[in-house]
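Take a moment with the structure below.

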Amino acid sequence: MTLTKRIIPCLDVKNGRVVKGLNFESIKDAGDPVKLAEKYSNEGADELVFLDITASDEQRKTIKELVRKVASVIDIPFTVGGGVKSLEDARNILLNGADKVGINTGAIKNPKVIAELMELFGRQCVVVAVDAKRNYSVDNSKNIFSENDKQFWFEVFIYGGKEGTGIDVINWVKEAEKLGAGEILLTSIDKDGTKDGYDILLTSKVVDSVSIPVIASGGCGKPDDMIEVFKKSNVDAALAASIFHYETHGVNGVKSYLKNRAIPVRL
Amino acid sequence: MVSVAIFDYGAGNIFSLKNSLEKVGATVDVITTFDNSNVYSGLLLPGVGNFDPAMNSIRNYSKIKFRDYVGHMPVLGICLGMEMFFEKSEEGKEQGLDVIDGEVIVLPSSMKVPHMGWNNLEIKKPGKILEGVKDGSWAYFVHSYRVKPNSNDVITAESDYGIKVPAVVEYENFFGTQFHPEKSSAIGKIMLENFLKECKK
């Protein structure tokens, strides 16, 4: 055997509570991130990702307490991201029990923070999260791709997908790797929320541009979407949120399905 | 109740390790020097940080030497902690603890580095840490270097990542895991319990 593909449930957290429509019958309080983390961990999740989408820095202070609680109930790795701007933000998350810190807008605004984090905590702690969107205004300075007779490049978006940066995703992930990223969490804005499958082209191009692990995110609506992204790209992990919100597709069920279709997973 | 210490190099998440040890019944102190009297039954060198800063924090902030402090007490080195048992590492320039003959080298560039995720343990021979752990069990790895002992006798389990990566080593009172038992779910818990059993002896 060898290294397995990782299946990673993602929890969006706002003011210390899980948001997005959740539909669990076995959990009385679906909004409690600690209970959900425990449930996913017991079901066989390989890792967890928490994205803090709390609006203000003041309210975000709740994350420290949350990290500590989660770390005391689960015994699998977890990443915390959202609003990480400085070394201090990252330290707060890591020293309270998270294994990795996800940094997105903060890394674009100040790329040096990637190197600083790497030097202090080691490469494995540094997850650079990249939100990518197809831009059809083709420009020769960018890495141009085509699909269905349309040409485009992948643009990095920041502030939760609200603001374009003009930065090319392929160039940025290479730069992030050079600076000290240990992993890339790659989200397709085009696909996010569609339940239509991952952006295979984006995922495979990013995977082929770096030699660190990549997590595919955005668009997963069913286990077959994971199979597709694992078969058509050399991606290391698949992240999903809504798929795990239904008991029929519990983490264990999804992983058994994948295993039966020759995807190496931990069961 | 068994009392153990985690040595903190000051660089990362040791909360998870402390918490996992407490869950299996240990009393855990976090220490940053060997100069206070050793009241513990075991010592853990955690797996987060970089080789040189971690070695410096072990060597430079105590008058008492690591080996003198430890004596015959069981020591569990996790990931970087295990790498520090060896003479030297390609990650840094500092001399290692040199309790096991051999060196630490970078993973082959043909593979993605870091080696990150769940991989199987191939058990080579019985070991104290591996008691009750089945061949093929999953453990969570995240590392960019691997140990290369002069003698394969110290290796009790390996993992396959393009090449054979030593996953568990045992030498006298020194135990090392390249993976993170505190992040390896139920199997990791068994191994931490096994280590505490050694500490109680």
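On a 1 Å grid over the protein atoms alone, a cavity is a set of points where a 1.4 Å probe fits but cannot get out, and lining residues have an atom within 4 Å of a point. This is a predicted model, in which local features need pLDDT of at least 70, side-chain atom pairs count only at pLDDT 80 or more, and totals for chains, interfaces and linings use all residues. Residues are numbered from 1 along each chain as its sequence is written, chains are lettered from A and ligands numbered from 1 in the order in which they are written, and side-chain values use heavy atoms, with hydrogens and water left out.

How much space lies in the largest cavity? It holds about 170 Å³. A volume is the space filled by probe spheres set on the grid points, which are joined across faces, edges and corners. In chain B, helix H1 (15-23) and strand E9 each give at least two residues to the lining of this cavity. Helices (H or I, at least four residues) and strands (E, at least two) are DSSP runs, numbered from the N terminus. By class, the lining has seven nonpolar, five polar and four charged residues. Here Ala, Val, Leu, Ile, Met, Phe, Trp, Tyr, Cys and Pro count as nonpolar, Asp, Glu, Lys and Arg as charged, and the others, Gly among them, as polar. The structure has two cavities of 30 Å³ or more.

Now turn to the pockets. A pocket is an open set of points with protein on both sides within 12 Å along at least five of seven lines. The largest pocket holds about 1,200 Å³. It is lined by 47 residues, and Leu51(A), Ile53(A), Asn104(A), Asp131(A) and Gly160(A) are the closest to its centre. Its lining divides into 18 nonpolar, 18 polar and eleven charged residues.

The second largest pocket holds about 290 Å³. Of its 19 lining residues, Gln124(A), Asn50(B), Glu91(B), Ser144(B) and Tyr145(B) are the closest to the centre. Helix H4 (80-83) and strand E9 (138-143) of chain B each give two or more residues to this lining. Nine of the lining residues are nonpolar, seven polar and three charged.

**The two chains**

Chain A has ten helices and twelve strands. Its C-alpha trace spans about 55 × 45 × 35 Å along the principal axes. Of its 267 residues, 57% count as buried (under 20% relative accessible area, with a 1.4 Å probe and protein chains only). Take contacts (heavy atoms within 4.5 Å) in chain A between residues at least 6 apart in sequence: 63% join residues at least 24 apart.

Chain B has five helices and 13 strands. Its C-alpha atoms fill a box of roughly 45 × 35 × 30 Å, taken along the principal axes. Of its 201 residues, 63% count as buried. Among contacts in chain B between residues at least 6 apart in sequence, 71% join residues at least 24 apart.

**One residue up close**

Asn194(B) sits in helix H5 (residues 185-200) of chain B. Is Asn194(B) buried or exposed? Asn194(B) counts as buried, because its relative accessibility is 4%. Leaving aside neighbours within four places in sequence, Asn194(B) is in contact with Lys128(B), Ile129(B), Leu130(B) and Glu131(B).

Methods. Buried < 20%, exposed > 50% of the residue type's maximum accessible area, 1.4 Å probe, protein only.
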